[in-house]
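Dear colleague,

I am passing on the structure below, and I would be grateful if you could look it over alongside the notes that follow.

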Amino acid sequence: MHAGRRFTPVEFMKWTIRDTYWMLFLATIPTLLYFLGLKFLTFPWQPTAIVGTAVAFIVGFKNNASYNRLWEARQIYGTIINDSRSFAYTLRDALGGKQSIVVKRMFYRHFGWLTALRFQLREPRVWENMSDKRNENFRSSHYEIPETLTRVDIELAKYLGQEELSYILSKKNRATQLTAIQSEELAALRKDGLINDFQWTQLQQGLMKFTDHQGKAERIKNFPYPRNFSSIATYLLFIFIILVPFALLREFDRLGDGTFLQGYSIWLNIPFSAAITWAFHTLDTVGESSVNPFEGSANDVPITQISRTIEIDMRDMLDEANLPPAIVPKNNIVL
Amino acid sequence: MHAGRRFTPVEFMKWTIRDTYWMLFLATIPTLLYFLGLKFLTFPWQPTAIVGTAVAFIVGFKNNASYNRLWEARQIYGTIINDSRSFAYTLRDALGGKQSIVVKRMFYRHFGWLTALRFQLREPRVWENMSDKRNENFRSSHYEIPETLTRVDIELAKYLGQEELSYILSKKNRATQLTAIQSEELAALRKDGLINDFQWTQLQQGLMKFTDHQGKAERIKNFPYPRNFSSIATYLLFIFIILVPFALLREFDRLGDGTFLQGYSIWLNIPFSAAITWAFHTLDTVGESSVNPFEGSANDVPITQISRTIEIDMRDMLDEANLPPAIVPKNNIVL
Amino acid sequence: MHAGRRFTPVEFMKWTIRDTYWMLFLATIPTLLYFLGLKFLTFPWQPTAIVGTAVAFIVGFKNNASYNRLWEARQIYGTIINDSRSFAYTLRDALGGKQSIVVKRMFYRHFGWLTALRFQLREPRVWENMSDKRNENFRSSHYEIPETLTRVDIELAKYLGQEELSYILSKKNRATQLTAIQSEELAALRKDGLINDFQWTQLQQGLMKFTDHQGKAERIKNFPYPRNFSSIATYLLFIFIILVPFALLREFDRLGDGTFLQGYSIWLNIPFSAAITWAFHTLDTVGESSVNPFEGSANDVPITQISRTIEIDMRDMLDEANLPPAIVPKNNIVL
Amino acid sequence: MHAGRRFTPVEFMKWTIRDTYWMLFLATIPTLLYFLGLKFLTFPWQPTAIVGTAVAFIVGFKNNASYNRLWEARQIYGTIINDSRSFAYTLRDALGGKQSIVVKRMFYRHFGWLTALRFQLREPRVWENMSDKRNENFRSSHYEIPETLTRVDIELAKYLGQEELSYILSKKNRATQLTAIQSEELAALRKDGLINDFQWTQLQQGLMKFTDHQGKAERIKNFPYPRNFSSIATYLLFIFIILVPFALLREFDRLGDGTFLQGYSIWLNIPFSAAITWAFHTLDTVGESSVNPFEGSANDVPITQISRTIEIDMRDMLDEANLPPAIVPKNNIVL
Amino acid sequence: MHAGRRFTPVEFMKWTIRDTYWMLFLATIPTLLYFLGLKFLTFPWQPTAIVGTAVAFIVGFKNNASYNRLWEARQIYGTIINDSRSFAYTLRDALGGKQSIVVKRMFYRHFGWLTALRFQLREPRVWENMSDKRNENFRSSHYEIPETLTRVDIELAKYLGQEELSYILSKKNRATQLTAIQSEELAALRKDGLINDFQWTQLQQGLMKFTDHQGKAERIKNFPYPRNFSSIATYLLFIFIILVPFALLREFDRLGDGTFLQGYSIWLNIPFSAAITWAFHTLDTVGESSVNPFEGSANDVPITQISRTIEIDMRDMLDEANLPPAIVPKNNIVL
């Protein structure tokens, strides 16, 4: 997540520089041919405008879906914060307090769950955009993805005992099975009379909520913006980008009539057509850059930071000293 | 579901080839007549544009509904994943663990429910599009629908005892009655004191959730995008497609004025009118291709894959060996 | 609900035939006057287009609301299916099974509730459209409303004892009081120790859900699309329909210039203006035809069919023989 | 709420008559000046159209919010109906029936809560529109607001004992404290063993829901459509209304060219400009007239009628004779 | 929150005065150059219009998101009101009444939670707008932010004992830990038999809800409108503002043709271009001014007032005398 006021114009320019060159190139071709005498190349503006309307619709539609996916992802992690806090104080107070070794073990297993989950969510998918040149460049100059700097087993070892760690690493879906172990421990506590049925009910429902949140995050991760909608957006946009410089040829040619630019105003078609197609293309790219909110981009939901916040709050409930520091943005970016 | 970056341009072209021919044909008629001298055939652009606006609205509206139906379908199956996991560990831990034969029987009956449900959801409906030539061609070259390669009784036999299987096959709604059997077994476990009232409450609520999810999926399956909305979209689009080539005649005729194309530029009307009508028509077709998310199309919710994932996760909770493999995309398609 | 692929063009034409005549008539007046020499009658297109935008907005807004009302109505009845199934197996298994006379009585009272509800929902309201000529014609040639073919007391007698039937028929809101009797019986079962407090809680919550769903359906039934929004849509559309044929006069007059149609191309204004106003008007009519999803129209939520499905599923849970047949579409329409 | 088919054209005209005069006046000024020779006063249409687009957006946005506020308000009161019914039969059956004096007292206190709530919700707010001339005129000729015809203490006295009435009248938020008394009585019933813990839980949750619904209605009442959004809509609309008659001057001037109207067709600018600005302005006014759904307007949620319905249904559950009559629309309006 | 009818035109003008100067300045440059003879500077209107459409889309999109964030924030605080009331009477009646010292202590700790929360939410963030000159000016002349007039420890001291106050001030997230203390006290009450398990369940769920609401408010506080969407809106708007005065040059030049303004009508470009760009820019600014609903702006959710309302209602439930006064708007603004 970008935690500043805005991406600077320079950042924006750099981020879209390759597209800009393309837009300029595509605007140059018809301009040059027209200048060389192929006057018939002009294309009427009206049908271009109606294609533009269709493009605006489909790009707007995608941006809307993109925003909703991002916002839902943030809501899911927000709910993980809330339910972690509730689960934590309910568990603590059911088991008699801040010193309980069981409480601590279950708290730390919860941190393990958060860790396993964020590693799972940050694994790459075919449809994600992190290997795009533009994103690679921005990333290398601005931030790093925490989950690529270490390994999940190393991180999990901070929270789990050796035996449990080996068991979990052998599992298909580690986060799921960590919650299953929590359930097992709750069942044992209930059997041993350390918690009663009412407390078990509340706490077990807490676990079910975590399973729910995890599944929702996985849904967003594993179900991309539908590829048929995505593809038609790409191809319509492409058609529009091709047409615009043809459709503005005549206007720019006429512009100079009667002025000293006569015959040369056609060259204005290049920057201005490119500006317009750049605007639409960048609008689409901005949407694309939020559509996968767990890919490790600068616009991701900051799940590493949120997981840390939860750890701090829960350990603070036990009055632990030596709380880890909150994760803060670097170059305005925080993951 | 398409699990790649996008449909390739070639795939897209092939998929819409029949429509493309139609568009070209419909653009050729007025062009030819105009060329032959029926100059009065031109139609003004402005009313065409306003019909275009209405078409954009109705097609956008439909695509929005289509996306929402697809996304809700995916959410429903996402919730089935989540609630299956919660139900599984709660049941396992209530009944004392991974070796319990009752746990295993109820887990496998749950797989039976998933199986019956996906077979029910993949049955054809009158309003679905899988017998469209375009979809048949794509399917035959790219993927197969798992539910058509085998029979439901064969698949159910993997999970149910012989007697239960016969009973279930005699029922109207098999998935519903499988959940009812789960309820019966839970009631018996409660009566026998193997689970207490609190555990029964949680588990029974789990079953109710499955019934809920099943009903939601059946709602999307059985209630198509309303046919009145769908029909008006089709007919408005048709009117627009007819009008466009007439409305652009004069523009393309004028285009060549003063150039060597004079008198011939009218033929440009054919490719360009067709391109514009193709864009709108394909936008509609893309929406149509997601509106029934359980029809077995390339854009379906991958319910076979999801059912398998649930089976893997639940059997992994029992530390079973020989887990079945996850289902992976073939030619980028996974169902 | 229409359960086919689409309304056929002929059905659509017939359904809108009266409006079509009106549109043609309204387009003829200015055309005729213009032809007779009142050339000043032309109206500029630009302000017409902006009124058209406003009309598109308000009609689109209404269609959106209409679709949402229909879809919510379907969701409500979908939830009634789901909760009926859950309530049924929970009740059956709490009371010890498929032979219990209490279970059967409560099941049948539930069918009574479904029946009372659908009769209440299909009563006419002032703002509904079933007495519109266009809908009457379509209905008389395509389908019948089941609730008009019989009486509620006759239908209820199939499910309720004589005494209960008389009691219920004396009540203001029969469906509500049927649920209240279910509650009374559950309370008695609890008192008699036939179900325990946990089971009572689940089952009573089931009843509360039915009350909830009933109230939601009644809300849609009794609260029309707000009449102020509806009225402004009607009047704006009317203004637009009046303006369009005036605004296209000049364009169509010019169309024939230099061709053999010169002076006669003005008559093209009649079919084409009518086509455009027909498109907008029909868009509005299509929205209007779904806005009251319980009025008995061809686009209704099929509540009679759904009630039957529930009856089948619940009786199937008791292994009853002689299940009633599912209700199937006739002429593609099912209610 | 308006419970008829639509506002008649005459009602609509009367309701907007003052605005109509204004629109005509504002269109007359530039027309007159232009006629007197200030030909330079024309304003280009294109920028006006783009301002029109912005106005359409912001007015549409507001109408959408307005509709949602109205619909949410109706949903809240719908839920009050549902939860009142559920609470009623659960309470009745927990306490042993229709003759219980406690049941009756708590039912009547609930009616008291409904009464206190509707009086609170119908109190005026600064941002509401009931003192607008147009609304005052319509009200005085069509309907009355029930809450202004009597006093809350008189109405409450029908349902509460003398002592409780005095206590409640001394409170800041009467509806809230009435629910608090219900809670107190439930707690006493539980302590005295008249209801058990399970029943207490269900009934207490019922009370919590009423508190929830009350709070939601108060939220809509006390949080107007944000004044910054509302203000910008007003001012943009004002700019648009000023510009339109200037922007159409030239078109209407040209209209008469070559006809006997030459030089006089400019006067057509007055009715037609006014018609267009009237359409946009009325669209905004219609939205404004639903944005505060508890102000006592003709488009209000009919909370007095709904409260009566609840009273009827609950007293019907006790088999009371002498049920009060349902409230029916007068002049199509029901509050 | 602004609690009046609207921002006055003067307030609006003052609030946007700096932008107005900028718009005028940007419109003056091309006009002056054109006047000085650089006639080729004109830019065609059509591409400008399509950029305008894209700008309208992105600004509308942002305003929509902004409104939703504001409205969700208000809903969250509305739910805090509701759940506070329910929690309050349930707690009071569980613990035996209005005189209980435990009840009072827990009520006051809840007020402490409300206080800690509102101080946390009103802390500044980098992306907020309160240091914008326009907002500073408005604030200094109209209202003050209560949380900046005092300190959180002083305010908390009114509700918490000394020891608890010190403990809480040492914590990272004070509001969270205050709820955790409530949980601790409830657990003790349950252990001591002062409340039973059913009451504990209801009350503990109340606490969980508060944790939930707090987390939701923090989510809106800490997750800004995504900076990529925000940045593209800013830059597109900037491009549009630059283009408009160029695109209208020719229209305004022609305006005076044949009138005494000939050659001078070009100067009208300045006020009118500025009016149009002002409209779009202000639309964006209005959205921006609601996007952070906890920043202390005039359009904030009035969380200080709401917290006071809750305190009044809860103390009123204890029949306390000397209730604090409700917070009322000053200059129409209430925070």
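I begin in chain B, where Gly193(B), which follows helix H8(B), has a positive phi, near 80 degrees. This is a predicted model, in which local features need pLDDT of at least 70 and side-chain atom pairs count only at pLDDT 80 or more, while totals for chains, interfaces and linings use all residues. Residues are numbered from 1 along each chain as its sequence is written, chains are lettered from A and ligands numbered from 1 in the order in which they are written, and side-chain values use heavy atoms, with hydrogens and water left out.

Turning to the interface of chains C and D, the contact (heavy atoms within 4.5 Å) takes 66 residues from chain C and 62 residues from chain D. The two chains bury about 5800 Å² between them, 66% of it on carbon and sulfur atoms (buried area is the accessible area, with a 1.4 Å probe, that two parts lose on being put together, summed over both). On the side of chain D, Arg5(D), Tyr67(D) and Tyr89(D) lose the most area to chain C, together 12% of what that side buries.

Four salt bridges are counted between chain D and chain C (a side-chain nitrogen of Lys or Arg within 4 Å of a carboxyl oxygen of Asp or Glu). One salt bridge joins the side chains of Lys171(C) and Asp316(D), at 3.1 Å from N to O.

Finally, in chain E, Glu320(E) lies in the segment after helix H12 (303-317), and Glu320(E) is buried, with a relative accessible area of 17%. Leaving aside neighbours within four places in sequence, Glu320(E) is in contact with Lys104(E), Tyr108(E) and Arg315(E).

With best regards

Terms used:
Helix = DSSP H or I, 4+ residues; strand = E, 2+ residues; numbered from the N terminus. Buried < 20%, exposed > 50% of the residue type's maximum accessible area, 1.4 Å probe, protein only.
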